[in-house]
Amino acid sequence: MSKCPIRFFNTTGPCNPDKHYMLPPANRLQGAQLHRYVRDELYWSLHAPRQTGKTTFLQSWTKDLNDTGKYAACCVTIEIGQGATLEMGMPAICSTIRKIADDSHLPVPETNEVNPLTMCNSLLTDWAAKTAPKPLVVLFDEVDVLEGETMISFLRQLRSGFSDRGVGKFPVSIALVGMHDLKDWLISVKNGKMVNPGSPFNIKERSVTISNFVKEDIGDLFAQRTEETSQQIEPAALDYVWEQSKGQPWIVNNLFKRATMEILDEEDYQTVTLAHIQQAREQMIPDRETHLEALSFRLKDPNIRYVMETLITGNIDMDLANSDAFRQCLDLGLVANKDGEVSIVNPIYREVLAREISYGAQIMMPNLAFRWQKSDGTLDMDALLKEFQKFWRKHSEVWESKSDHTEAFPHLLLMAFLRRITNGEGRIDREYAAGRGRLDLSVEYANKEYIIEVKLVHDYDTLKEVKEEGIEQIISYRGKFDKTIPCFLVIFDRRSVGKKLPWEERISWNVEGDVTVIGC
């Protein structure tokens, strides 16, 4: 065992096997036949969410190809063209190609072409000639940041060289890499209209993606640290990492890194326990590192906001899975469609997105100056929810008129209200998915748990049916935990007739069996 580990869990960028614990991302490519793409001179695309291993794979495969001595391969990131016009973007892309070729100790291409519509084609043609007799393979990363005519021209110039591709003529194989599938790039640059199948890039062999880790991968990743330092990890801790991450590589590495270098001292090789990983999770979410901060940014997109609202309310939208908004969320790695249920892809994303979407209401929430703790320090949930009823009665109509999330507004306001109480001292776990018709909240405070289920009554519902369904659902949900946990069913009457009732009739508090039913 070395005194100081040579490597660490990576959360900041492409992996370096000399510095980081890592699993070969090529093993997670779905539908790829790498040997064919080079052997048969094919063009292809790779799309996957951020920080899943795309760039690490590109760098690794580039090295593998060059190490054979048979190819001249280069990975070129063209992010410099983001938001640029054709006249500015294409020269910048060509300059990047030349610089990266030089940095990679490959022949540096030249071109005298000044027309941005043919400049890149000319440069790649010269590059292929200079790498001969080795065939040229180019992997273009961050392609989907290009926009409008810059994107269209870039793809057309690759297509025009495709028919002449070959040693000394044009790159024999090109990969286009980004977060989105190629067809989605083309739709976006055509203002949402489907692109003519023959234009501008109908030469792609296929689209490939990189999957998240499977459960066994998580154990294999930590096993590298065990081999290097003899540090062990409890099986329950590994299970929790899988449960919270569903294999998302950045989350897995972040939990491991925090547990081994922050929760424990980096030279303390005692066994990593479930409690260490849980503590790492509780630190990670509010720290809002770049990866999680990017989720918050995504919510500014109306399409993504609509999908999130549908999931939070549990509404049934028959067209959701076929919508561009849903495909966008899939490409970004935000949602999953498992066994016909559309949901947020993992509990940590679910928590971060729910916090972000209710953040505006939370920061505007006034100081909660009422008794909400019992003498033993536990929550007085009855007092807390009765106070919420008062708050709902006093503020909901004005606040809802200013909200961007009308359908999900009751859920968001209740979550914001609870967060003001539990922030820093308790935990709220949320469970929501399209078609569930409810939001389930598990609140933990002072080592005691509470379950809250939120349901809406619409014009097509009856209050009696919603209440009966809600009681059945919350009892079923509680069965996952402890049958003695207190349960609260909060029902918001969103019917047009319900909104006309006086508040004295809309606000109610009843106990049905061991479930407290709260009307708002």
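Two residues are in contact when heavy atoms of theirs lie within 4.5 Å. With that in hand, strand E16 (residues 515-519) of this predicted model is a handy place to start, since it holds Thr-516. Leaving aside residues up to four places away in sequence, Thr-516 touches Cys-487, Phe-488, Leu-489, Trp-509, Asn-510 and Val-511. Is Thr-516 buried or exposed? The cut-off for buried is under 20% relative accessible area, and Thr-516 comes in at 11%, so it counts as buried.

Zooming out, the chain has 520 residues, and 53% of them are buried. It contains 20 helices and 16 strands. Take the contacts with a separation of 6 or more: 71% of these are between residues 24 or more positions apart.

Now for some individual helices. Helix H3 runs over residues 86-103, which makes 18 residues, and its first and last C-alpha atoms are 25 Å apart, close to the expected 26 Å. Its buried residues are Leu-86, Gly-89, Met-90, Ala-92, Ile-93, Cys-94, Thr-96, Ile-97, Ile-100 and Ala-101.

Helix H9 (residues 249-263) gets a similar length check. Its 15 residues should span 21 Å at 1.5 Å a residue, and the end C-alpha atoms sit 20 Å apart, so the two values agree. H9 is also mostly covered, with 12 of its 15 residues buried. Among them are Trp-250, Leu-255 and Phe-256, as well as Asn-253, Asn-254 and Arg-258.

Last up is a pair of helices, H12 (residues 302-313) and H13 (residues 324-331), whose axes come within 9 Å and cross at roughly 90°. Angles from 65 to 115 degrees count as roughly perpendicular, and H12 and H13 are therefore roughly perpendicular to each other. On the H12 side, the contact is made by Asn-303, Ile-304, Val-307 and Met-308, while H13 brings in Ala-325, Phe-326, Gln-328 and Cys-329. Sorted by class, the contact of H12 with H13 has 6 nonpolar residues, 2 polar ones and no charged ones.

How values were computed. Residues numbered from 1 in each chain as written. Predicted model: local features only at pLDDT ≥ 70, side-chain atom pairs only at ≥ 80, totals over all residues. Heavy atoms only, no water. Helix = DSSP H or I, 4+ residues; strand = E, 2+ residues; numbered from the N terminus. Buried < 20%, exposed > 50% of the residue type's maximum accessible area, 1.4 Å probe, protein only. Expected span 1.5 Å × (residues − 1). Axes fitted to C-alpha atoms, helices over the stretch in contact; angles between N-to-C directions. Parallel < 35°, antiparallel > 145°, perpendicular 65-115°, else oblique. Nonpolar A, V, L, I, M, F, W, Y, C, P; charged D, E, K, R; others polar.
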